[in-house]
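Please look through the structure below with the following note beside it. The points are numbered so that each can be checked in turn.

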Amino acid sequence: MASVPVARRRRFEDFSWVDFIINALRFIIIALVIIGSANTLLSGRFTFEQWVSLFVAGLAQGSIYALIALGYTLVYGILLMINFAHGEVFMSGALTTVFLAHAFDRSGFLNSQPLLAIIILIIFAGLVSMSVALLLERLAYRPLRSAPRLVPLITAIGASFFLQYTFRGFFGSQFRSYPAVDALKGSLEIGTINIPIVQPVVFIAALVLMGGLYWLVERTKLGKAMRAVSEDKEVSRLMGIDIDQIIMFTFAIGGMLAGAAGVINGLFRPQGVNFFMGFVPGIKAFTAAVLGGIGNIRGAMLGGLFLGVIEAVGPNLIFNGLGIPGSNQLKDVIAFTMLVLVLIFRPQGLLGERLTEKKA
Amino acid sequence: MALLEVENIHAYYGNIHALKGLTFHVEQGEIVTLIGSNGAGKTTTLRTITSLMHPRDGKITFEGNDITYTPANKLPSQGVAMVPEGRGIFSKLTVEENLELGAYYRNDPDGIRQDMSNSFDLFPRLKERRTQVAGTLSGGEQQMLAIARALMAKPRLLLLDEPSMGLAPVLVDTVFDTIERINTEGMTVLLVEQNALLALEIADRGYVLQTGEIVLADDAATLKKNPEVQKKYLGVD
Ligand SMILES: Nc1ncnc2c1ncn2[C@@H]1O[C@H](COP(=O)(O)OP(=O)(O)OP(=O)(O)O)[C@@H](O)[C@H]1O
Ligand SMILES: [Mg+2]
């Protein structure tokens, strides 16, 4: 507690070039964002309808990031470890379930009972991803629980490659598309705004899952135990909580959400799934989790949505106004720039607390 | 047969020999205190009893059952609960949630609800703050919560690690009154304290611990009169 005034004093007394450069950088970035946005908006290059469509598409994409991001944040909250193989947990559900989706399509079930079929697909993918996540925990991470923190991190990267190439071994490396669902093909006309139906469906499905998670964590005994373990493992044991069991539940829940996200993503994006599909969404969801404050559940949800929207709107809004060509191909740049910026300026994330001594 | 029997336990932190063959016991219905200065091994003793660490040698029995290696998370259901050093409150959870976690092993919602309302009778301050996040409680309230939470497990033995730590004298008195009251209602208590004066005031018997060994064992009243104890732990010249 006594350290607060000390830290504050240092800020005024010691002039540091690092702080100066960081602040200058912060100023330049804010200026660029404002200038770019103002330019774009004043030039009237895009209509209001176009902005709304971009925003809604961003929300849909962002809700998928959010579902994956929750897996990172839940595990970090309990183990203070980044499960870098989580993108592959997502992939395993999405890739395995594409075959079931095609079977449903061939039998006509997918289009005669789309809601039921999609729910079954989501549950199936959730179970596959959950199993992969549980195996990861049991075989790769649990034996290293007391090792220095770098060790499980490296193991996670190794496990990630292992999963990718195992799935390539099973299913080959070609892309497979999820079948199109007739019910999701149309679009909604709201005044002059045209929104593909699939986008609000994706958003709502994700919202339902996140609502379920929120209820689980806030209201159930298991959720309370999870929060207790994330705060103090030793005292949790004194309460009678089996730590290993809670850790397994945490991986299971994160895995299920990732598997569900895999199916939702497959229905949303036509480009198909393959063994490498988890990499980019994995890193973006990690970005979203960091953005919201790693370990913070609400933060992961909001971080995901925020990242999705910024990715959708940002290129046109900011880059275009700055006269940068081909701005739509710069989507990924935005995500990773955000990651770097957050790590420099606000490592605790938007909603996160400062790393405490316990966590650091 | 005593309720708790600790026989010749040796505990280590790496090469540090922290407990050097401790033997003591707690009888049903007693308040027994373990006093000693900083680093004497009081916390280590409680951590060993609750299996947060294991002794290298020796045996701990509770109600005749060997609990030396019973996992820590199985002890609440066996009847042992502890208020850890520094209280160990879950600061981000509400008062009510903290209490619910104290009853984690239990599956009787009605009984839990009843015991929660009993805790609120015992500690009215907590009732007013039931939906408040525990980190916002004062030190005294947190200590009350830690005790109430341990009682939610319906233990037959309550271990308390320095409940007076960091509290203003008035609050220390309140906490010790509470301990006495809980004991009168039938709870057996093993109380670890640096505040030897107060501890011996409410205890039936006491043990004096010094660098991992018990150097004195007697009735609390006798210990209080012991010149050695007076000089070293009671600040009497
Ligand atoms: N985690 C640890 N690693 C190494 N040594 C430890 C550790 N915890 C305690 N010790 C040592 O073991 C001895 C007993 O410590 P313990 O915490 O049991 O003392 P205590 O009687 O509870 O003291 P206090 O009144 O200060 O709480 C001390 O010498 C201490 O330095
Ligand atoms: Mg101690």
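Predicted model: local features only at pLDDT ≥ 70, side-chain atom pairs only at ≥ 80, totals over all residues.

1. Because Thr43(B) sits in helix H1 (residues 42-49) of chain B while Glu85(B) belongs to the loop between strand E6 (80-83) and helix H3 (95-102) of that chain, the pair ties together parts that are 42 residues apart in sequence. Glu85(B) is partly exposed, its relative accessible area being 38%.

2. Turning to the two chains, the contact draws 24 residues from chain B and 21 residues from chain A. The area buried between chain B and chain A comes to about 2,000 Å², and carbon and sulfur atoms give 56% of it. On the side of chain B, Asn73(B), Phe90(B) and Tyr104(B) supply 33% of the area that this chain buries against chain A, which is more than any other three residues do.

3. Between chain B and chain A there are three salt bridges, and in a salt bridge the side chains of Glu97(B) and Arg227(A) meet at 2.9 Å, N to O. Across the interface of these chains, seven residue pairs are found in polar contact, with both residues at pLDDT 80 or more.

4. As for the side of chain B that touches chain A, H3(B) contributes its largest share, four residues. By class, that side has 11 nonpolar, seven polar and six charged residues.

Conventions:
Residues numbered from 1 in each chain as written. Chains lettered and ligands numbered in written order. Heavy atoms only, no water. Helix = DSSP H or I, 4+ residues; strand = E, 2+ residues; numbered from the N terminus. Buried < 20%, exposed > 50% of the residue type's maximum accessible area, 1.4 Å probe, protein only. Contact = heavy atoms within 4.5 Å. Buried area = accessible area lost by both parts, 1.4 Å probe. Salt bridge = Lys/Arg side-chain N within 4 Å of Asp/Glu carboxyl O. Polar contact = N/O pair within 3.5 Å; in protein donor to acceptor, adjacent residues only side chain to side chain. Nonpolar A, V, L, I, M, F, W, Y, C, P; charged D, E, K, R; others polar.
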